[in-house]
Amino acid sequence: MPRDGTIMAEAYRQLQSDKAKRQARLELRTEEVYRRVPSVADIDRELRSTAARIILAAFEEERDPDEALKRLEESNLALQRRRSEQLEAAGYARDYLDDVPACGLCGDTGYLPGGKPCRCLTAYYAREQNRRLSKLMDLENQSFDRFSLTWYSDKVWPEYGCSPRDNMRMVRGLCERYVQTFSQDSANLLFTGAPGLGKTFLSACIAREVSGRGFSVVYDTAAHVFQQFEMRKFGRENPYEEDPDRDVNRYLNCDLLLMDDLGTEMNLPFSQSVVYQIVNERLVNRRKTVLSTNLSVDDIGRRYGEAVLSRIRGEYQIAWFFGEDIRKLKRDQ
């Protein structure tokens, strides 16, 4: 799966930083034990010198190196037993000074044999990605278990044939299944409905869960997405923005793109071409997209063209949001 190089570099830096902190703590423990139990320091010095001494003797005496290695192993095991006994007698755990990697799979290198990222580095990646997503979304408070159906009326809306509450129960179930089974074969989603009905909230839930599984996730507003495409195309510079080339690459190549507030940007022909490029390229490359909009499906066709409308109708699963504006209901409480 494609991952953001900048985020991966930061994840690797954090992994190595934590490794260095563990090493520093081990050095402090070692200094403490050496002060309290000098015999352990003597054993460690002997362990460090044993290998060179035995191998040198084997070459000088022209003996079989296998025999020397066997003697080395036996000597080291005896010294290690003495060391453990000394530690235990002083009230420490037998492994108190062992340099044990946090990850037994990769030995804290972050990568498995063959170059594949280890699951420990993937976890660091997910945390860093969520930290960046949290600058745009309230990931801490926006989770499925905090999504309350009580704000939605249980009265049936005839035009939909069900109540807002029953509808949102189905939409929430759709989103929960989506994150549980997310893969290259997942559907694309379109959230459509009036403002204040939970589209952004459920987008945040999806972003949080999919990111936590190690996939590359990008969330952004449509207005900012179009701005970055425009800056790249026309070479406009903004010292307060990140590199537009890098951003556009992330939009097109991440595993999951969540684009919010589609339709709130200025209605220009350039916007139409950007939406078509995002929708079409991500479909061709089997990258998944969640679009959130206040526009109806027909409005999307009128605003962005039949080519976009055809792809959305044919390749997107549509979730309708209807009911009373929850933000207004909360204000009126």
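## Salt bridges and helix contacts

Let's start with Arg286, which is partly exposed at a relative accessible area of 40%; the cut-offs put buried under 20%, exposed over 50% and partly exposed in between, using a 1.4 Å probe and protein chains only. What you're looking at is a predicted model, so local features need a pLDDT of at least 70 and side-chain atom pairs count only at pLDDT 80 or more, while totals for chains, interfaces and linings use all residues. Residues are numbered from 1 along each chain as its sequence is written, and side-chain values use heavy atoms, with hydrogens and water left out.

Arg286 has a salt-bridge partner in Asp185, with 2.3 Å between their closest N and O atoms. A salt bridge here is a Lys or Arg side-chain nitrogen within 4 Å of a carboxyl oxygen of Asp or Glu. This one links distant parts of the chain, 101 residues apart: Asp185 sits in the loop between α5 and β1 (188-193), and Arg286 in the loop between α9 (269-284) and β4 (288-293). Asp185 has 62% relative accessibility, so it counts as exposed.

How many salt bridges turn up across the whole structure? The search finds 12. One of them pairs the side chains of Asp44 and Arg83, at 2.6 Å from N to O. Here too, distant parts of the chain are linked, since Asp44 belongs to helix α2 (residues 38-60) and Arg83 to helix α3 (residues 65-89), 39 residues apart. Are these two buried or exposed? Asp44 is buried, with a relative accessible area of 8%, and Arg83 is buried too, at 12%.

Arg169 comes out partly exposed at 41% relative accessibility, and Asp166 is partly exposed at 39%.

Now for how α5 packs. Two packed helices are described by the angle and the distance between their axes. The axes of α5 (residues 164-180) and α6 (residues 199-212) come within 9 Å and cross at roughly 20°. That angle is why α5 is roughly parallel to α6. The crossing of α5 and α6 is right-handed, meaning that the near helix is turned clockwise from the far one by less than a right angle. On the α5 side, Met168, Val171, Cys175, Tyr178 and Val179 meet Leu202, Ile206, Glu209 and Val210 of α6, where contact means heavy atoms within 4.5 Å. These contact residues split into 8 nonpolar, no polar and 1 charged.

Further along, α10 (residues 297-304) and α11 (residues 306-315) have axes that come within 7 Å and cross at roughly 145°. Val297, Asp298, Ile300, Gly301 and Tyr304 of α10 touch Glu306, Val308, Leu309, Ile312 and Arg313 of α11. This contact divides into 6 nonpolar, 1 polar and 3 charged residues.

Last stop: Glu10, in helix α1 (residues 5-36). Glu10 counts as partly exposed, at 21% relative accessibility. Leaving aside neighbours within four places in sequence, Glu10 is in contact with Glu128 and Arg132. Glu10 and Gln129 are 119 residues apart in sequence, yet 9.7 Å apart in space, C-alpha to C-alpha.

Conventions:
Axes are lines fitted to C-alpha atoms, for helices over the stretch in contact, and angles run from 0 to 180 degrees between N-to-C directions. Helices (H or I, at least four residues) and strands (E, at least two) are DSSP runs, numbered from the N terminus. Angles under 35 degrees count as roughly parallel, over 145 as roughly antiparallel, 65 to 115 as roughly perpendicular and the rest as oblique. Ala, Val, Leu, Ile, Met, Phe, Trp, Tyr, Cys and Pro count as nonpolar, Asp, Glu, Lys and Arg as charged, and the others, Gly among them, as polar.
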